[in-house]
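Work through the following exercises with the model open beside the text, and try each task before reading its solution.

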Amino acid sequence: MRSILTTTIIGLLCLVVGLFAGTFQGSQIKATAPGQWVTAAASKLQAGGQSGDDNQIESDEYPTLKWKAKPLLDAAGSIVRLWTTFEAGPNKDTPGTLKYKLTLFKAVRKDTREVQLLDFQGFKLMQFNATDFHDIPGAPDIVEARDAVPCSEADYKKIRDYSVK
């Protein structure tokens with residue numbers, strides 16, 4: 001009887017501490033890798049196996065991220081798609097490199113695009129201009145730009161969304 005009472009009291013104490021921690025530290029917990037994993041798993045359960053609308057990453061095979069396609073404001077039916085990968089610098093003190101491939105489908109303006117990489121709350125972590133678009137052979141409506149920009153691994157791990165102007 002005594003062990004049942006002790007187990008119940010400890011269980012209730014853990015429940016109360018967990019509820020308070022979740023209430024006051026919820027947004028900070030969601031920013032961690034385990035918190036994002038739990039959030040993604042929960043959104044898949046709620047959506048019946050479909051990924052949630054708030055998750056902009058289509059494929060996460062770190063360090064390569066395949067982002068969901070987004071519409072462009074250029075013309076009806078124009079779409080942009082981003083792929084990124086991270087390569088660490090030669091040592092801890094030097095920043096790494098973010099390599100990207102930006103693909104535009106049916107875009108009117110094909111000269112330069114501003115790409116902003118955002119954190120989970122929508123704040124800008126970094127920005128770069130994609131230039132040097134080239135045509136894809138056999139696809140008249142598709143252009144692509146590839147390049148690399150300096151980026152720290154800590155910033156790369158925080159990226160959760162992107163925007164293209």
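**Exercise 1.** Determine the strand order of the open sheet of three strands, and state which strands stand at its edges.

*Solution.* The order in this predicted model is S7-S6-S10 with antiparallel pairing, where strands are DSSP runs (E, at least two residues) numbered from the N terminus and two of them pair if DSSP finds at least two bridges between them. Strand S7 (124–130) and strand S10 (161–164) each have a single partner strand and therefore stand at the edges, with one side of each left without a neighbour in the sheet. From one strand to the next, the twist averages 20 degrees. Strand S6 (residues 113–118) pairs with S7 over six bridges in the antiparallel sense, and Leu117 has Met126 in S7 as its bridge partner.

Residues are numbered from 1 along each chain as its sequence is written. Because the model is predicted, local features need pLDDT of at least 70 and side-chain atom pairs count only at pLDDT 80 or more, while totals for chains, interfaces and linings use all residues, and side-chain values use heavy atoms, with hydrogens and water left out.

**Exercise 2.** Find where Lys70 and Lys101 lie relative to aromatic rings.

*Solution.* The criterion for a charge over a ring is that NZ of Lys or CZ of Arg is within 6 Å of the ring centre and within 35 degrees of the ring normal. Lys70 lies over the face of Tyr162, at 4.7 Å from the ring centre. The charged end of Lys101 sits over the ring of Trp83, 5.0 Å from its centre.

Conventions: Helices (H or I, at least four residues) and strands (E, at least two) are DSSP runs, numbered from the N terminus. Axes are lines fitted to C-alpha atoms, for helices over the stretch in contact, and angles run from 0 to 180 degrees between N-to-C directions.
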